[in-house]
Amino acid sequence: MKPIVICRLPNHVGDCCMTLPALRLLDASGFTPYLVGKRFAEDLMLGMGWRFDPIEGHVTEDLSRLHYLSEQQHKPLGILFPNSFGSALQFKLAGIRSAGFATDGRFLLLDQKIPEPAKNVHEVERFFAVAKGAVKAWGATPAWTEPPKELGLQLIARHTAGAKNLKEKFNIPEKFALIAPIARGVHHGKIKHWVHINSVVKPLKDMGIEPIVMPSPDEVEEAKIACPDARHLPPTNLGTYAALCKEASVVIANDSGVSHVAAAVGAKQITLVGVTDPHRTGPWNPNAVVIGSERGWPSEDEVIQKLQEMLR
């Protein structure tokens, strides 16, 4: 039987997607990942076939759940993808023998301290480095030395059926684009979304492609303001959304969770950046086009021209 590794996932959608090569490395190297993280990750990761237990943000309940997992597996191995002190402390108190980067003052809490990679590597490579270092520390041979070019998210039949049902229910045509106009939060005090996203709607329609916005529940009103000329549909779960990304003619998003969900299924996508570094957090997807840089947003003409080139 393959040894169990309890894997603490990051707290954000995009980061969870970017752990996929690291998780697949564990699986291919003779270990079985058990995932713990925020509830959204359960639906997203269903197709990978790994056990999932939620972390709710309630300290005593979360610790009790981790204790239960630890007792079931008799002090199992663990990997910490987040860099936080709190995640390491919880694993230590639960008796999970964890591996991770010795960041945020958690040196004494880790059983295996993995050397950090260079500062300028992509987050996919960073997550992969902690998994590869852990595999070596546990006396096994990593199945791969570099992360694969695709994130490799697997979908289940329920997700693909859900996407088909949505297309039928809302009469979504064969050619459609998914637009994600909002990126939550700020980066170095600057907003993370391109404010001209509505400008792509008319060119898409002119090419016979239906522009569709399907926001998360807490972005509904913001999305309507940011992209009023697209067709807005109700939110859905992440797995079904990923299946829709795979079928879309193109996914247009900021450097956000949606960009990484699209990358996870290898969708054709355009990711717009203006304040973040795409070399660190851009979509890990050979089918992705990134426009802009951390020094500034692209112009409307740049985005529309690239969109027309891609879809011609």
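In which helix do K306 and E309 both lie, and how many residues apart are they? Both belong to helix α13 (residues 300-311), where they are three residues apart, about one turn of the helix; helices here are DSSP runs of H or I with at least four residues, strands are runs of E with at least two, and both are numbered from the N terminus.

This is a predicted model, in which local features need pLDDT of at least 70 and side-chain atom pairs count only at pLDDT 80 or more, while totals for chains, interfaces and linings use all residues. Residues are numbered from 1 along each chain as its sequence is written, and side-chain values use heavy atoms, with hydrogens and water left out.

**Salt bridges**

When a salt bridge is taken as a side-chain nitrogen of Lys or Arg within 4 Å of a carboxyl oxygen of Asp or Glu, the count comes to twelve.

| Pair | N to O distance |
|---|---|
| R39 and E56 | 2.6 Å |
| K202 and D206 | 3.0 Å |
| K306 and E309 | 3.3 Å |

R39, in the loop between β2 and α3 (40-44), and E56, in the loop between β3 and α4 (59-73), are 17 residues apart, and their pair links distant parts of the chain. Residues are called buried under 20% relative accessible area, exposed over 50% and partly exposed in between (1.4 Å probe, protein chains only); on that scale R39 is partly exposed at 47%, and E56 is partly exposed at 29%. K202 and D206, by contrast, both lie in helix α8 (residues 201-206), four residues apart, and K202 counts as exposed at 56%, as does D206 at 57%.

**Strands and sheet**

Two strands are treated as paired if DSSP finds at least two bridges between them. Strand β1 (residues 4-8) runs parallel to β2 and is joined to it by five bridges, with I4 standing opposite T32. On β2 there are also four bridges to strand β3 (residues 51-54), again in the parallel sense, and here G37 stands opposite P54. Because five of the six residues of β2 (residues 32-37) are buried, this strand is largely enclosed by the rest of the structure.

Elsewhere, six strands form an open sheet with parallel pairing, in the order β11-β10-β7-β12-β13-β14. β11 (231-232) and β14 (288-291) stand at its edges, each with a single partner strand, so one side of each is left without a neighbour in the sheet. Within this sheet, β7 (residues 176-180) and β12 (residues 250-254) share four bridges, and I179 stands opposite I252.

**Aromatic pairs**

Rings of Phe, Tyr and Trp (its six-membered ring) pair if their centres lie within 6.5 Å, with planes under 30 degrees apart counted as stacked, over 60 as edge-to-face and the rest as tilted. The whole structure contains two such pairs. The rings of F31 and W138 have centres 5.3 Å apart and planes at 55°, so this pair is tilted; F31 lies in the loop between α2 (20-28) and β2, and W138 in the loop between α6 (123-137) and α7 (157-169), 107 residues apart. Both F31 and W138 are buried. The rings of F81 and F127 have centres 5.7 Å apart and planes at 85°, so this pair is edge-to-face. F81 lies in the loop between β4 (77-80) and α5, F127 in helix α6, and the pair therefore ties together parts that are 46 residues apart in sequence. F81 and F127 are likewise buried.
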